[in-house]
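This report describes one protein structure for a computational reader. The sequence and the coordinates are shown first.

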Amino acid sequence: MARGTAARESAVHEGILRRQSARESAARTYARALPIVPVRARGLTIEGADGRRYLDCLSGAGTLALGHNHPVVLEAIRKVLDSGAPLHVLDLATPVKDAFTTELFRTLPRALADRARIQFCGPAGTDAVEAALKLVRTATGRPGLLAFTGAYHGMTAGALEASSGAQDVRVARLPYPQDYRCPFGIGGPRGAELGARWTESLLDDTKSGVPRPAGMILEPVQGEGGVIPAPDTWLRRMRAITESRSIPLIADEVQTGVGRTGAFWAVEHSGVVPDVMVLSKAIGGSLPLAVIVYRDDLDVWGPGAHAGTFRGNQLAMAAGTATLAHVRENGLAQRAGELGARMIGQLQSLAKEHPCIGDVRGRGLMIGVELVDPEGSTQASSGPDPTGGATDFSADPLLGGPTAAPLPAAPELAAAVRDACLDRGLIVELGGRHSSVVRLLPPLTITDEQAAAVIDRLADALAAVARTHRG
Ligand code: PMP
């Protein structure tokens, strides 16, 4: 590249970033950690205005199942544009929408598809969560909701209530099963079982203070919560508990859907059929689209119960249909499962070399690496123990014997790893309770060679940060 061109590109890049920080809201998010000005993208690769190229393992927060600008997506969009079809139609019927609904229903768990209704929502996952909550509240006549620790369902009022940052009287918070930071200190199937028993007892104890709720909402794999896959047995327990008490189960598959976890929908791993599914992100093939699908007997809300101007995005529906069909026809869910398992295995080997990696976990191509302080005390995360160890149950044989206690989360280390990745041309983001989990959400189309490059760059970044940390 000529030196003059490089200097010009660099000036454009800097100017845009400077104007962004001067003009955009203090609430901007990804833009703070990723000083990139994308101008071109294809598949896994993004090119910035400064000419630098990156491997994008953020994928629009898990949106881009087929990566950037996949040919089938572009072709579907062009076809709608060239056809002269209206681009804005409120929620009217169109051939494009009809095709999308047919393709979507084709992918749903059979028992749901046979009796499914679909509501097109405003074009964000959070609006579909609102619709799901409204639907079950209307259908049951009950206001309460069961949701989980670590949950993330969106930023509008109802979705925020259901997310773990909120404290709303209508939401009863239940323990989400996790191995590394198990609330009961034991992890594994027994930790999940205790969580399930707690759920059951809250519902059956007439003095628990939790009235029968309108529904239970859960993510089959918590994404923003730190990439925590729920065990299949636990998910089946939640289904049995809710079904036997006539409580609708809402699966929020906004992030886990469309092959990401190794099954087309993450609930398929367990065979669980939810009453309501919340879908967004990948279903729009990189354009905004959000829907709920639910069993027909819940469809008792009235016309206009969940309205909105932008519920008919024809380009998103066309891009979404192409994406759903491509994932289905090319077995990309299975590919995500196999490649994800391999990448998780490689990262687990890496963890043996780096004590600052506390845990590596995930399902399919939804992968998390939790950074911890290797020199921290195992109790530091929960503060000093006022009983001096007298209440340490971790060695209790009844609770399954001693387990490795988690080390304190290391958000600064995680941020340093993210920055070191960016220096090496790899885009990753952070998540988790303490923003200490490096998350990988590559497109399902990532090749073996690209996956190897991602692991190499991440390993190199980890090694560099670990060296500096040891000082
Ligand atoms: N549910 C889940 C599981 C999510 O991961 C997200 C977004 N990260 C949402 C809901 C909200 O979607 P949106 O940002 O499109 O409102």
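## Basis of the values

The model is predicted: local features need pLDDT of at least 70 and side-chain atom pairs count only at pLDDT 80 or more, whereas totals for chains, interfaces and linings use all residues. Residues are numbered from 1 along each chain as its sequence is written, and side-chain values use heavy atoms, with hydrogens and water left out.

## Overall fold

The protein chain contains 14 helices and 17 strands, assigned as DSSP runs (helices H or I, at least four residues; strands E, at least two) and numbered from the N terminus. Its radius of gyration is 23 Å, close to the 23 Å given by the globule rule for 471 residues, so the chain is as compact as a globular protein of that length. That radius is taken over C-alpha atoms, and the rule is 2.2 Å times the number of residues to the power 0.38.

The C-alpha trace spans about 70 × 65 × 40 Å along its principal axes. Among contacts (heavy atoms within 4.5 Å) with a separation of 6 or more, 73% join residues 24 or more positions apart.

## Surface and charges

Of the 471 residues, 52% are buried, that is, under 20% relative accessible area with a 1.4 Å probe, protein chains only; exposed means over 50%, and partly exposed lies in between. The accessible surface (Shrake-Rupley method, 1.4 Å probe) is about 20,600 Å², and carbon and sulfur atoms contribute 54% of this area.

The 49 positive charges (Lys and Arg) and 50 negative charges (Asp and Glu), with His and the chain ends not counted, have mean positions 3 Å apart. Each charge is placed at NZ of Lys, CZ of Arg, CG of Asp or CD of Glu.

## Residue Thr5

Thr5 lies in helix H1, which covers residues 3-23. Thr5 is partly exposed, at a relative accessible area of 27%. Its C-alpha atom is 9.5 Å from that of Asp50, a residue 45 positions away along the chain.
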